[in-house]
Amino acid sequence: MSRARSPADAAALERFDQRMALPLILSAVIPLFLLPGGAHHLLTAGVFIASWLVFLVDFVVHERRLVHYVGTWLGRFDLMVVVLTAPWFLFIGTGTGKFVILIRLARVARVVMATRGAHRLFQRLGAVSLVAMGVVFVGAAVAYRAEHPTNPEFKTFGDALWWAVVTLTTVGYGDVVPKTTTGRVDAVMIMITGVSILGLLAGSMASFFGRGGSSAVPTAPTPAQPGDAVATELAELRSQVARLADEVARLAPAGPTHDS
């Protein structure tokens, strides 16, 4: 990994990476739905050029803030992406459109994995996924056993599993509806779990993109906090010394008078 040219560059690059995470991802995902040469070719070309400029700015900033960034494998990878995702279709046609999209997705995967807090996000998503799968299968089993004898909508376990997934996601198609008391209680428990999981996912994603409030965006880097405390103490000491100096200056003229 390349190191920052100075502490100021490191702090600036950290802020830049936090702000650029979402634009980079959008610049790779949006072109998935657009290919050069389509019906709205001017709009498509503009989107492709804008997304490439986002990648270019990201690479230039890293090269400027880091020491010999191009010499690292990440730097070479970023340079390759910038070159391959350039709007070459303006000159050579649309044959490389899908390949360019794949390269953009690879770039986004690298950005997401390198973002601070990504590992914590993936851990949360993994735990949430396990809980969701457990609730879906257990809820489907309970509903199938309670509804199958009397409710034709739960004809197979697959029907119960479909109903559990729809209920957990709070979509509520209404094509499969429980009729027994046990099935309805089961549905309530699945719905409560679904609302909780969606709230946790929304909070995790907001924190990841730096929009989760004061807890998501630290006010200062951790290494700088001890320095801030020392600076505060020094300021207080200076204030006390200044007050003592004023007091000495006020009492100094009284000395000779007292001696006489």
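His62 touches Leu13, Phe16, Asp17 and Tyr69 when residues up to four places away in sequence are set aside, a touch or contact being heavy atoms within 4.5 Å. His62 belongs to helix 2; helices here are DSSP runs of H or I with at least four residues, strands are runs of E with at least two, and both are numbered from the N terminus. The relative accessibility of His62 is 8%, and the residue therefore counts as buried; buried means under 20% relative accessible area, exposed means over 50%, and partly exposed lies in between, with a 1.4 Å probe and protein chains only. The side chains of His62 and Asp17 are joined by a polar contact of 3.1 Å. Such a contact is a pair of N or O atoms within 3.5 Å; within protein, one atom must be able to donate a hydrogen and the other to accept it, and residues adjacent in sequence count only if both atoms are side-chain atoms.

The model is predicted, so that local features need pLDDT of at least 70 and side-chain atom pairs count only at pLDDT 80 or more, while totals for chains, interfaces and linings use all residues. Residues are numbered from 1 along each chain as its sequence is written, and side-chain values use heavy atoms, with hydrogens and water left out.

The protein chain as a whole has ten helices and zero strands. Along the sequence this gives the pattern α-α-α-α-α-α-α-α-α-α. Of its 260 residues, 30% count as buried. Among contacts between residues at least 6 apart in sequence, 66% join residues at least 24 apart.

The packing of helices comes next. Two packed helices are described by the angle between their axes and the distance between the axes. The axes are lines fitted to C-alpha atoms, for helices over the stretch in contact, and angles run from 0 to 180 degrees between N-to-C directions.

Helix 1 (residues 7-29) packs with helix 2 (residues 41-65) at an angle of about 160 degrees, and their axes are 10 Å apart. That angle makes helix 1 roughly antiparallel to helix 2; angles over 145 degrees count as roughly antiparallel, under 35 as roughly parallel, 65 to 115 as roughly perpendicular and the rest as oblique. On the side of helix 1 the contact is made by Asp9, Ala12, Leu13, Phe16, Asp17, Met20, Pro23, Leu24, Ser27 and Ala28, and on the side of helix 2 by Ser51, Val54, Phe55, Val57, Asp58, Val61, His62 and Arg65. By class, this contact of helix 1 with helix 2 has eleven nonpolar, three polar and four charged residues. Ala, Val, Leu, Ile, Met, Phe, Trp, Tyr, Cys and Pro count as nonpolar, Asp, Glu, Lys and Arg as charged, and the others, Gly among them, as polar.

Helix 2 also packs with helix 3 (residues 73-84): their axes come within 9 Å and cross at roughly 155 degrees. Helix 2 and helix 3 are therefore roughly antiparallel to each other, and their crossing is left-handed. Trp52, Phe55, Leu56 and Phe59 of helix 2 make this contact with Gly75, Asp78, Leu79 and Val82 of helix 3. By class, the contact of helix 2 with helix 3 has six nonpolar, one polar and one charged residues.

The loop between helix 2 and helix 3 holds Val67 and His68. Val67 is partly exposed, with a relative accessible area of 28%, and its C-alpha atom is separated by 9.3 Å from that of Ser6, 61 residues apart along the chain. His68 is exposed, with a relative accessible area of 58%. Its phi is near 50 degrees, a positive value in a residue other than glycine.

Thr170 lies in the loop between helix 7 (157-168) and helix 8. The phi of Thr170 is near 60 degrees, likewise a positive value in a residue other than glycine, and the residue is partly exposed at 40% relative accessible area.

Helix 8 (residues 181-208) includes Leu200 as well as Arg184. Arg184 is in contact with Pro178 and Lys179, leaving aside its neighbours within four places in sequence. The C-alpha atoms of Arg184 and Glu147 are separated by 9.8 Å, with the two residues 37 apart along the chain. Leu200 counts as partly exposed at 43% relative accessibility. Its C-alpha atom is separated by 8.2 Å from that of Val128, 72 residues apart along the chain.

Key. A crossing is left-handed if the near helix is turned anticlockwise from the far one by less than a right angle, and right-handed if clockwise.
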